[in-house]
Amino acid sequence: GISRGAIYILDYAKKLFRCTVDIKIKAREKVPFLNFNSDELQQLVCNDSSDITPIMPKIFPLFSESFSKSDVEFVYLLRLDSEVLGFLVLGPRFQTNDGEPYDSELLGTLSRNISTAINTFKLMNQLKLTNSELDQHIQELNAIREASQSISAVLELENLPQIVENIFQKI
């Protein structure tokens, strides 16, 4: 099973990948974040495989310099369709009980499941933010409605003598 690994999440606004999960690999100490440019991100998007282990040294030399093969065995891209969400780092003990490494399909499925979970988390946070904004707008509209009703009541009282006089003139 997994005994060591990490998850880096993309912060597109800051143009970096931030280590958010660190399981006995000391990624937060060694490489807490990795900066990227649009060309590097494009290389990740265009990669056919979820397994980005072979291209990590080229794209992120600092990552490869900071982690030895005894620290990191696999790196899998976390993405949903063409949107990069981050990457999953797996330590060398990610093997079956008989010592055989897991196949790439299983690791690909694992990375897709993590990607879906990350996306769901982002959507839920966006939904909470939108609901909060809607609640604020409702409170503002209620305040405007109440003020409008108060103003109408005052205007009707001020015009009451004129309204009554107009009614009596019509009689």
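Predicted model: local features only at pLDDT ≥ 70, side-chain atom pairs only at ≥ 80, totals over all residues.
Trainee: Which residue does Lys30 meet in a salt bridge?
Mentor: Asp71. Their side chains come together at 2.9 Å, N to O. A salt bridge here is a side-chain nitrogen of Lys or Arg within 4 Å of a carboxyl oxygen of Asp or Glu.

Trainee: OK. Where do Asp71 and Lys30 sit?
Mentor: Asp71 is in the loop between H4 and S4, and Lys30 is in helix H1 (residues 27-30). They are 41 residues apart, so this pair links distant parts of the chain. Helices (H or I, at least four residues) and strands (E, at least two) are DSSP runs, numbered from the N terminus.

Trainee: How many salt bridges are there?
Mentor: Two. The other joins Arg4 to Asp71, with the closest N and O atoms 3.0 Å apart.

Trainee: What does that one tie together?
Mentor: Arg4 lies in the segment before S1, and Asp71 is in the loop between helix H4 (61-66) and S4, so the bridge connects parts 67 residues apart in sequence.

Trainee: Is Asp71 buried or exposed?
Mentor: Buried, at 13% relative accessible area. Buried means under 20%, exposed over 50%, partly exposed in between (1.4 Å probe, protein chains only).

Trainee: And what about Arg4 and Lys30?
Mentor: Arg4 is partly exposed at 24%. Lys30 is partly exposed too, at 35%. Shared partners join Arg4, Lys30 and Asp71 into one network.

Trainee: New topic. Which residues touch the most others in the largest nonpolar core?
Mentor: Tyr8, Phe17, Leu44, Phe60, Phe63 and Phe87, out of 24 residues in that core. A nonpolar core is a set of buried Ala, Val, Leu, Ile, Met, Phe, Trp, Tyr and Cys residues joined through side-chain atoms within 4.5 Å.

Trainee: What do S1 and S2 form?
Mentor: A hairpin, with four residues between the strands. Look at Lys15 in the turn. Its phi is positive, about 55°.

Trainee: Which residue stands opposite Leu34?
Mentor: Phe17. Leu34 is in S3, the strand of residues 33-35. S2 and S3 pair in the antiparallel sense over three bridges. You met Phe17 already, in the largest core.

Trainee: Last one. Where is Leu80?
Mentor: In strand S4. Leu80 is partly exposed, at 26% relative accessibility.

Trainee: How many residues separate Leu80 and Ile114 along the chain?
Mentor: They are 34 residues apart along the chain. Their C-alpha atoms are separated by 9.9 Å. Find both in the structure above.

Notes:
Residues numbered from 1 in each chain as written. Heavy atoms only, no water. Pairing = 2+ DSSP bridges.
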